[in-house]
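Here is a short report on one protein model. Look through the sequence and the structure first, then read on.

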Amino acid sequence: MKLRLAGLSAIVLLILAAPALAAAATDPADPRAPVAALYVAEKSGRPTLTTPAQRDAALTRGLAALWDKVEARARANGDIGIDFDVVTNSQGADVKSYALTIERRDANRAIVAAAIDPGDWLRRSPRENVITFSLVRQAGAWRIDDVCGVAEPNAWSLRGMLARALKTP
């Protein structure tokens, strides 16, 4: 009986806390807010980070400029820059649901992990469903400064891929 009451109490606490958790995720002072905005767009089928304007709105100036340079160079060479959706770590997975966790945070830096449910999308491992966002405060707002994930068996970093692309002749 005690176990059943403890479980019921935990469920009630989660239900009562849900509005506060949702509000925190959309609060601009919360580092989860820019990441949550990406997943809201993904869930509604809107592309994310595919245009310079989208990147300028979500990314740090440095990361957006780096990505734009890679895209311009790729276009000039008749190639493709980043050829996958970094937000879903895929080339077309739908986001059925997601959970955001602040892994680390101080006044000007934060790391937010996104655990996504891609529905029927096949993955080599559950690690591929976790995408990590490094954020910094820039001009008073949280901005994404790197995105990291795993494409089994290799870990990847958006900033690292972009830097390597510029070094490649």
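At 18% relative accessibility, Glu152 counts as buried. Buried means under 20% relative accessible area, exposed means over 50%, and partly exposed lies in between, with a 1.4 Å probe and protein chains only. The side chain of Glu152 meets that of Arg127 in a salt bridge, 2.7 Å from N to O. A salt bridge here is a side-chain nitrogen of Lys or Arg within 4 Å of a carboxyl oxygen of Asp or Glu. The pair links distant parts of the chain, 25 residues apart: Glu152 is in the loop between β4 and β5 (154-157), and Arg127 is in the loop between β2 and β3. Arg127 is partly exposed, with a relative accessible area of 46%.

## About the model

This is a predicted model, where local features need pLDDT of at least 70 and side-chain atom pairs count only at pLDDT 80 or more, while totals for chains, interfaces and linings use all residues. Residues are numbered from 1 along each chain as its sequence is written, and side-chain values use heavy atoms, leaving out hydrogens and water.

## The overall plan

The protein has five helices and five strands. Both are DSSP runs numbered from the N terminus: helices are H or I with at least four residues, and strands are E with at least two. Along the sequence, the pattern reads α-α-α-α-β-β-β-β-β-α.

Buried residues make up 37% of the 169 residues. The protein exposes about 9,900 Å², and carbon and sulfur atoms supply 60% of that area. Accessible areas come from the Shrake-Rupley method with a 1.4 Å probe; for residues, only the protein chains shown count as cover. Take the contacts with a separation of 6 or more: residues 24 or more positions apart account for 53% of them. Contact means heavy atoms within 4.5 Å.

## The sheet

Strands of a sheet pair through backbone hydrogen bonds, either parallel or antiparallel. In this protein, five strands form an open sheet in the order β1-β2-β3-β4-β5, with antiparallel pairing. Two strands count as paired if DSSP finds at least two bridges between them. β1 and β5 stand at the edges with a single partner strand each, so one side of each has no neighbour in the sheet. From one strand to the next, the twist averages 25°. Axes for such angles are lines fitted to C-alpha atoms, for helices over the stretch in contact, and angles run from 0 to 180 degrees between N-to-C directions.

Start with β1 (residues 97-105) and β2 (residues 109-117), which pair over eight bridges. A hairpin of three residues joins β1 to β2. Ser97 stands opposite Asp117 in β2. Further along, seven bridges join β3 to β4. There, Leu135 stands opposite Ile144 in β4. The helix α5 lies across β4 and β5, running at about 80° to β5.

Now look at Val130, found in strand β3. Is Val130 buried or partly exposed? At 35% relative accessibility, Val130 counts as partly exposed. Leaving aside neighbours within four places in sequence, Val130 is in contact with Ala113, Ala114, Cys148 and Gly149.

## The core

How many residues are in the largest nonpolar core? The core has 31, of which Tyr39, Val86, Phe133, Ile144 and Leu158 touch the most other members. Two or more residues each come from α2 (32-43), α4 (61-76), β2, β3 (130-138), β4 (141-151) and α5 (158-167). The largest share, five residues, comes from α4. A nonpolar core is a set of buried Ala, Val, Leu, Ile, Met, Phe, Trp, Tyr and Cys residues joined through side-chain atoms within 4.5 Å.

Tyr39 deserves a look. Beyond neighbours within four places in sequence, its contacts include Val87, Leu100, Ile116 and Phe133.

## More salt bridges

Side chains of opposite charge can pair when their charged atoms come close. The count here comes to four salt bridges. In one, Asp68 pairs with Arg55, the closest N and O atoms being 2.9 Å apart. This pair also links distant parts of the chain: Asp68 in helix α4 and Arg55 in helix α3 (residues 52-58), 13 residues apart. Asp68 is partly exposed at 23% relative accessible area, whereas Arg55 is buried at 3%.

Arg32 forms a salt bridge with Asp30, with the closest N and O atoms 2.6 Å apart. Arg32 counts as buried at 13% relative accessibility. Asp30 is buried as well, at 7%.
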